[in-house]
Amino acid sequence: MSRDAEAMTPNAMLTGLLAVALTTPVSTTARETPRINHSSAGDRAAEKAFVDALLAKMTLEEKLGQLNQPPGVGNHTGPEAMAGNEDQIRRGEIGSFFGTHGVELTCRLQKIAVEETRLGIPLIFAYDVIHGHRTVFPVPLAEAASFDAEEVRIAARHAAVEASAHGIHWVFAPMVDIARDPRWGRIVEGAGEDPYLGSVMAAARVRGFQGDDLAAVDTVLATAKHFVAYGAAEGGRDYNTAEISERTLHEVYLPPFKASVDAGAESIMAAFNDIAGVPMHAHRDLIEGLLREQWGWDGVLVSDYTGIMELMPHGVAANREDAGVLGINAGVDVDLVSRIYYEDLPAAVRAGRVSMEQIDASVRRMLNAKYRSGLFDDPYRYCKDPAREVALTLNPEQRAAARRMAQKSFVLLENDNATLPLSKSLRTLAVIGPLADHRQSMLGNWAVAGRQEDVVTPIEGLQAALGDGTRLIVARGSGVEDMDASGIAEAVRAAEQADAVVMFLGEHPDMSAEAHNRTSLDLPGVQEQLALAVAATGKPVVVVLLNGRPLSIGALQGKVGAVLEAWFPGVEGGNAIADVLFGDVNPSGKLPVTFPRNVGQVPTYYAHKATGRPPREEEKYTSKYIDVPWTPLYPFGHGLSYTTFGYDQLAVAQAKVPVGEPRQQVSVRVTNTGKRAGDEVVQLYVRDDFGSVARPVRQLRGFQRVSLQPGESRTVTFELGFDDLALLDAKLKSVVEPGTFTVFVGGDSDASLEAKFEVVAP
Ligand code: BGC
């Protein structure tokens, strides 16, 4: 900032700068960039004045350029692509990029936008920062398993700090889609099956990315995606239609978006699916109607990759222009990849199919985003510091956070006869399975900036924890997917020579995430056969699962000693696994999603509706199967510890609660009844016993993580209010109805300790 500028008051300076920048005559030579004072970045009136003035100067093509977001240079290689991008920027055809990062590159492109376009409007750079940037954290499903919103916020904060140091202003995260069908590969990208947990995690991630001050140089715009009901893809087939009721939309799929909006999310991405025949990229009622009018949200709605163009194969647009008209009129502001807005909307505007007000509204939101990011203050603020980029990449603090997040995300599914923790004084340890040294499985999918060389593998982690005193005998045993069982004999021999065995089994990262759907939830290939053969040696066998979805691993129950769900744990995964296997850290994660016994049970989730014939063992004509039990393999919320916890003294503060002011306090005593210190995630579920419409059998309404020493007790208190007790009535109005409610408290969704209270009419 110049000395003259420093001497001016923010408003005087803003007015002065606007006058300079916005009265500049049209030409194609280098321009004075519009500038604002940093301190006015949170001032909505100043923002509006600035954007109004800028909009008034823009041609239709310049406006549509702002709404055009191509994949960046990172997605196309070669000098030609680079030059093509640069020319497009020069011509004002591009308002933002996605997939481009690095201070050198983003600054170079920014300079073209700022110095070589007519109005000098800065570019904004978006990127898929899904679970960390270069410091890859556990996949989002794993992070949700921590049931630790503060740790998840911190993980997103680290991601924002690192990504912003690499020139990124805007992240395409958090993914907040509720997923109740584990066949759907994208279940790995979200927080699992539950709207309450999903909402808490969504808000934590938004706050982590955006921090307290969007104009700070280490915060990024968050994008809640994919709006909406993408997780309801029929048959678990990605991009498929979502066949859901209005009630399910409002009760299950919308709440995490509302929580994101309430947490201040500046951006939302549209989903690829349709709802009741209306593709989300053309869904005016839900975008303009619900998001903007009802919820009062004023952020940027970005299309998904070619989402505008896909309105043609959806069968609702006959050509590109129709697709663009549907998209912009529905309120989709930014056209990702299709280039339809830029190329085809001018004709539509001239023909009166799209109003200039509609275009201006979208451009305004895009310019607001740039304003809020401080880019009109200094377009180079995220890219001008190469030293910062180095210092904030994979530094010890970031690695420590990734390790802590991983430790908290692991879920101990089985631990017969205290097989875990293992002793560090084992003489020999067999390490078996296709994923023991698989670097990509530590990163998982959507680790776009992640690098395999940054990873600590399980073998490296084990060796580092054990030192030279223990000999590792390594045998692969089988591949992940191939059906070749010839390596099993060698694996069995390795197990026979060892004091204990750790097996690394599961899915490789390309078996979940986008477009990676499965019709089986079994361990792929011959891995189950491998595990059972190794277990038959009688040695203590621990299975560590690395995977991105619930797996039906019932065949291992009672055969192997312990099963630890480690998901795809990030760059520090190998160390975190060793921390937990040897008991330096007591596992405390809980399942954010139900594990079915087999794929035929899908969808199975704890908050299912009550039916007229609830399943009962002794009654034939009740809602169940004849070949497997109706219950899941592991319920939502399940997760063991190396210690045990007891619950008692459950109490509600009031036996009767007035319907007009439904407040309740629930307390319970939790005791560490074992011999080790540990964390327990205390879970509170609520059931509305009788309502005007059928209700879920129970719904998560609170959770708290408590750390307890052996023998220590703590009383945990939960507050319940209107939203926790409300239902949507037949007209989808949120109401609390008189009648009895049951609360259940415990360590998983099967919690049986219960208390009742009554909501009473005046
Ligand atoms: C995905 C989005 C992602 C976008 C950009 C799409 O295919 O659905 O989640 O943000 O690509 O990479």
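Student: Where does Ala276 sit?
Tutor: Ala276 is in the loop between β7 (274–275) and β8 (278–279). Helices (H or I, at least four residues) and strands (E, at least two) are DSSP runs numbered from the N terminus.

Student: And what kind of model is this?
Tutor: It is a predicted model, where local features need pLDDT of at least 70 and side-chain atom pairs count only at pLDDT 80 or more, while totals for chains, interfaces and linings use all residues. Residues are numbered from 1 along each chain as its sequence is written, and side-chain values use heavy atoms, with hydrogens and water left out.

Student: Is Ala276 buried or exposed?
Tutor: Ala276 counts as exposed because its relative accessibility is 69%. The cut-offs are under 20% relative accessible area for buried and over 50% for exposed, with partly exposed in between (1.4 Å probe, protein chains only).

Student: Which residue other than glycine has a positive phi near 65°?
Tutor: Leu732 has that value. Leu732 lies in the loop between β23 (727–728) and β24 (734–735), and at 28% relative accessibility it counts as partly exposed.

Student: New topic. How many disulfides does a search of the whole structure find?
Tutor: The search finds 1 disulfide, meaning a pair of cysteine sulfur atoms within 2.5 Å. Cys107 and Cys383 form it, with their sulfur atoms 2.2 Å apart.

Student: Which parts does the pair tie together?
Tutor: Cys107 is in helix α6 (residues 103–116) and Cys383 is in the loop between α15 (356–372) and α16 (386–391), so the pair ties together parts 276 residues apart in sequence.

Student: Why is the disulfide called right-handed?
Tutor: Because the torsion about the S-S bond of Cys107 and Cys383 is about 75°. As for accessibility, Cys383 counts as buried, at 6%.

Student: OK, domains. Which ones are there?
Tutor: The domain assignment, whose bounds come from an automatic or database source, gives domain 1 (41–66 + 133–382), domain 2 (410–588) and domain 3 (645–760).

Student: How many residues of domain 1 and domain 3 are in contact?
Tutor: 11 residues of domain 1 are in contact with 13 residues of domain 3, where contact means heavy atoms within 4.5 Å. The C-alpha centres of these two domains lie 33 Å apart.

Student: What area is buried between domain 1 and domain 3?
Tutor: About 1100 Å², with carbon and sulfur atoms giving 64% of it. Buried area is the accessible area (1.4 Å probe) that two parts lose on being put together, summed over both. Phe147, Tyr196 and Arg247 supply 60% of what domain 1 buries against domain 3, more than any other three residues.

Student: How many salt bridges are there between domain 1 and domain 3?
Tutor: The count is 2, a salt bridge being a side-chain nitrogen of Lys or Arg within 4 Å of a carboxyl oxygen of Asp or Glu. The side chains of Glu251 and Arg695 also meet in a salt bridge, at 2.9 Å from N to O.

Student: Which helices supply the domain 1 side?
Tutor: α9 (195–210) and α10 (246–253) each supply at least two residues of the side that touches domain 3. The largest share, 4 residues, comes from α10.

Student: Last one, α13. Which of its residues are buried?
Tutor: In α13 (residues 320–330), the buried ones are Asp322, Ala323, Gly324, Val325, Gly327, Ile328 and Ala330. Their cover includes α12 (284–294), α14 (340–350) and α15. Just after α13, Gly331 takes a positive phi of about 105°.
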